[in-house]
Amino acid sequence: MNRYVKVGHYDKRPVRPHVRETTRDYLVKILRSIVAVTLLGLAVIAANPACAAKRVALVVGNNDYRNVPKLQKAVNDARTMADTLKQLGFNVMIAENQTRKAFSQTLLAFDTAIEPGDTAFFFYAGHGFEIAGQNYLLPTDVPAATEGQEDLVRDASILADRIVERLQNRGARSSIIVLDACRNNPFERTGTRAVAGRGGLAPMNSLPEGVFSVFSAGPRQTALDRLSNNDTDPNSVFTRAFAKELLQPGENLVQIAQRTRRVVSEMAETVKHRQVPVYFDQMVDDVFLNGTAAPKPIAQANPVEGKTQVAALPPISSPAIAPPQQQQESLNAPIAMFSRHNGGWTVVFSIADATLGISWRLGDSGAFKETGFLDLLDPRTRKRIPNPSIELPADAPAGTIMVRYVDANGEIQGPFPIRFDPEAALIKDQRKILDMTATSWLSFSEFNGLLVYYTHLMSYRCAIRDVRIGIDSAVPDKALKLPPCNPKDPISIPSDVTPYVKLPPATKSVSVELTYRDGSVSEIKTFRR
């Protein structure tokens, strides 16, 4: 039978019912096939973004400098990063010991490999230098410049900002710039005055959208190649940690940078050196290089030992995972915010559902206590709003708070367990306050000379590991003393401490940087008189 239909032609001949049905079934099958193929294609793309856009990387390592001190591990760092990025699905270009001309040709080849929508990764290990707030990557034939020859260095080097600009011009959706170049001033010579610049790199605070940058050390800090003469690791302190963190499944770029920062700073502290890697984030979305965020594991009654687990793959859903009521309860579980004050703890519950009452208890036994009500009406229930907060004594031990509530239908939901860890809650609470009150970290006073007070930082010191200030400098390099944290009375300042520093009368500004208990580092804040 001829199945073709002539468009616009009306055939008056009767068509047999079974023929009409057969034709319709045939068309339906075609449509179903098209839809199935389309959905399958979309599912594959969604599950594997690399099908839609590729990952490309350029890693550069410079050891063999002709006119400035040679390096030992930059080439090894580049090779390690190349191997790491290949494991993450990147098409990797590797370049070693690049002269100015070769560096330019390599960047041009990298440009041509990038297409709109790609993820581009640039890694550089070698000498870097900051001149007037701009960062330059030094090729192996950079001349040995002296005072007044800053332009010679500029012309012979690669401007880091220009690499960012090139990636943007190529339409890369995500650009990752990693610079292990924060070493000593390579132009310093005995008996001569060096170029007017500094070892280390200047912060990149004005990155465009879609760019993530990591430096192996903070502003004007220097990065360690090794921890001691007995350190036989082939890589620098930063690269050995960073390459390992990149391979952790389910970690986004921020988490990778923060974990690297913590590991590197702790290693550097073992040799009394300050090296705190920094990152600059202008990404719109979370970027995962080794799978998406890892799902919460599902407990198994009889786990099979030795069974291979694929990271970052979500578990297969099954109706038997949890009964509907249990699933609903997990969706409606309250959360809590803990706040420490002189009288003890305030715990504020947040519940998504409209509630008619809230009750709680400490631990798994005992009677539930009602929280009471506020003198406010809930427009959803047209009744008084239950009080969402409770008070705990200052010496309350760690434990579990069981919370339940009555929903708008009069049914009891819960109880739900909320973990109370006084030490962790204190640090989190004080960190939150410090972040919200950054403009109050320091204050000036001109009583009996010029003083800078850091009383505010002392009050919330339980969240702080280290405080450094810079006097008339953007580089905080002077440590401030903080008294030990007193969990029993954390906000009070001991009477025998001095909460200020005396400054030279001509001081114009003071910069400050905090290192928190978790190893993360604040932005550098500058306070002016």
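Predicted model: local features only at pLDDT ≥ 70, side-chain atom pairs only at ≥ 80, totals over all residues.
Residues are numbered from 1 along each chain as its sequence is written, and side-chain values use heavy atoms, with hydrogens and water left out.

**Overall**
- The protein has 10 helices and 25 strands, taken as DSSP runs (H or I, at least four residues, for helices; E, at least two, for strands) and numbered from the N terminus.
- Of the contacts (heavy atoms within 4.5 Å) between residues at least 6 apart in sequence, 67% join residues at least 24 apart.

**Helices α2 and α6**
- The axes of α2 (residues 74–87) and α6 (residues 237–246) come within 10 Å and cross at roughly 5 degrees; axes are lines fitted to C-alpha atoms over the stretch in contact, with angles from 0 to 180 degrees between N-to-C directions.
- The two helices, α2 and α6, are therefore roughly parallel (under 35 degrees).
- Asp-77, Thr-80, Met-81, Thr-84 and Leu-85 of α2 meet Thr-239, Phe-242, Ala-243 and Leu-246 of α6.
- By class, the residues of this contact are 5 nonpolar, 3 polar and 1 charged.

**Helix α9**
- Helix α9 (residues 422–436) has 15 residues.
- Its buried residues are Ala-425, Leu-426, Asp-429, Gln-430 and Leu-434.
- Seen down the axis of α9, these fall within an arc of 165 degrees (directions from the helix axis to the C-beta atoms), so they line one face of the helix.
- The buried residues of α9 pack against β10 (335–341), β11 (344–350), α10 (455–459), β21 (464–471) and β24 (509–516).

Terms used
Parallel < 35°, antiparallel > 145°, perpendicular 65-115°, else oblique. Nonpolar A, V, L, I, M, F, W, Y, C, P; charged D, E, K, R; others polar. Expected span 1.5 Å × (residues − 1). Buried < 20%, exposed > 50% of the residue type's maximum accessible area, 1.4 Å probe, protein only.
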